[in-house]
Amino acid sequence: MTARGCFISFEGIDGSGKSTQARMLADHLRAQGTDVILTREPGGSPGAEQIRKLLLEGATDRWSAETEILLFTAARRDHLERVIDPALAAGKVVICDRFADSTRMYQGIRGAGLRDLVDRLHAMLIEREPDMTVLVDMEPETGLERALARAGGEARFETFGAELQTRLRAGFLELAATAPERIMVIDGDRPAAEVAADIAARVEARLP
Ligand code: ADP
Ligand code: TYD
């Protein structure tokens, strides 16, 4: 595992149940006495939470695709330096609600050359990949219904609609197929407790 701890990210389309599942896995591991940090992106450190506000609030055309990639990468770098790396060095399990795969998908599919830009910035400034990634897979219609039912002011991405969510879902599944040793695909369209039991069993099988 990375450094001395273990880094687990949760990925999936909006409303797939990632946050619920990340929390349930953290609770489950803590109940067994594991030292767990539960965090999220964009955000997770004070500076990155400020960048989160810039990214998720306001008009959909507030930033160009390139500027947005820089902001997500800046937020990730701060989160990594101040929260993730210190926790891993201290031997903790870090559970992160979204990480670099979200940028590869959400920003990478927005135009020609953008995925390459995301990958180059990642290689220069982030480098780290999670030890394990849980991809919570879900029909876009179901996910979007759930995400919109959960009211909030952070609607810049969710308002992009079902067609985009369909492309994102396909992109996440393709990514999982290219990195099967890291990314586990979990069917999220089941009762939360059932999904959580599935994830816990698969994660525990791989924890040191
Ligand atoms: P995400 O972080 O992927 O956007 P959330 O965990 O915030 O998803 O869940 C989105 C909404 O769906 C929340 O209102 C949550 O309570 C609900 N939810 C989560 N998991 C399930 C599930 N397995 N079945 C039904 N509703 C769920
Ligand atoms: P999140 O709070 O996880 O939203 P949700 O619970 O609806 O899944 O993430 C907020 C939005 O930010 C979400 O629509 C995905 C988007 N996002 C990116 O576009 N790129 C990224 O690198 C990350 C981390 C998130």
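This is a predicted model: local features need pLDDT of at least 70, side-chain atom pairs count only at pLDDT 80 or more; totals for chains, interfaces and linings use all residues.
**Entry 1: surroundings of ligand 1**

I listed the residues around ligand 1. The shell holds Ile-13, Gly-15, Ser-16, Gly-17, Lys-18, Ser-19, Thr-20, Arg-146, Arg-150, Arg-190, Pro-191 and Ala-192. By class, I get 3 nonpolar, 5 polar and 4 charged residues.

**Entry 2: polar contacts of ligand 1**

I went through individual atom pairs next. Lys-18 places a side-chain N or O atom 2.6 Å from an oxygen atom of ligand 1. For Arg-146 I noted a polar side-chain atom 3.1 Å from a nitrogen atom of ligand 1. I also looked up the ligand's area: on its own ligand 1 exposes 560 Å², of which the protein buries 71%.

**Entry 3: salt bridges within a helix**

I searched the whole structure for salt bridges and the count came to 20. I looked up a few of them in detail.

Asp-101 pairs with Arg-104, with 2.7 Å between the closest N and O atoms. Both residues sit in helix α4 (residues 100-107), 3 residues apart, or about one turn of the helix. Is Asp-101 buried or exposed? Asp-101 is buried, because its relative accessibility is 3%, under the 20% cut-off. Arg-104 also has a value under that cut-off, at 8%, and so is buried.

Asp-116 pairs with Arg-120, and here the closest N and O atoms are 3.2 Å apart. The two are separated by about one helical turn because they stand 4 residues apart in helix α5 (residues 114-125). Asp-116 is partly exposed at 41% relative accessible area, and Arg-120 is partly exposed at 49%.

**Entry 4: a salt bridge between loops**

I then took the pair Glu-129 and Arg-182, whose side chains meet in a salt bridge at 3.9 Å, N to O. Why does this pair tie together parts that are 53 residues apart in sequence? Glu-129 is in the loop between α5 and β4 (132-137), whereas Arg-182 is in the loop between α7 (162-178) and β5 (183-187). Glu-129 is partly exposed, with a relative accessible area of 27%, while Arg-182 counts as buried at 11%.

Finally I checked for shared partners. Salt bridges join Asp-101, Arg-104, Arg-115, Asp-119, Glu-129 and Arg-182 into one network.

Notes:
Residues are numbered from 1 along each chain as its sequence is written. Chains are lettered from A and ligands numbered from 1 in the order in which they are written. Side-chain values use heavy atoms; hydrogens and water are left out. A residue is near a molecule or strand if one of its heavy atoms lies within 4 Å of it. A polar contact is a pair of N or O atoms within 3.5 Å; within protein, one must be able to donate a hydrogen and the other to accept it, and residues adjacent in sequence count only if both atoms are side-chain atoms. Accessible areas come from the Shrake-Rupley method with a 1.4 Å probe; for residues, only the protein chains shown count as cover. Ala, Val, Leu, Ile, Met, Phe, Trp, Tyr, Cys and Pro count as nonpolar, Asp, Glu, Lys and Arg as charged, and the others, Gly among them, as polar. A salt bridge is a side-chain nitrogen of Lys or Arg within 4 Å of a carboxyl oxygen of Asp or Glu. Buried means under 20% relative accessible area, exposed over 50%, partly exposed in between (1.4 Å probe, protein chains only).
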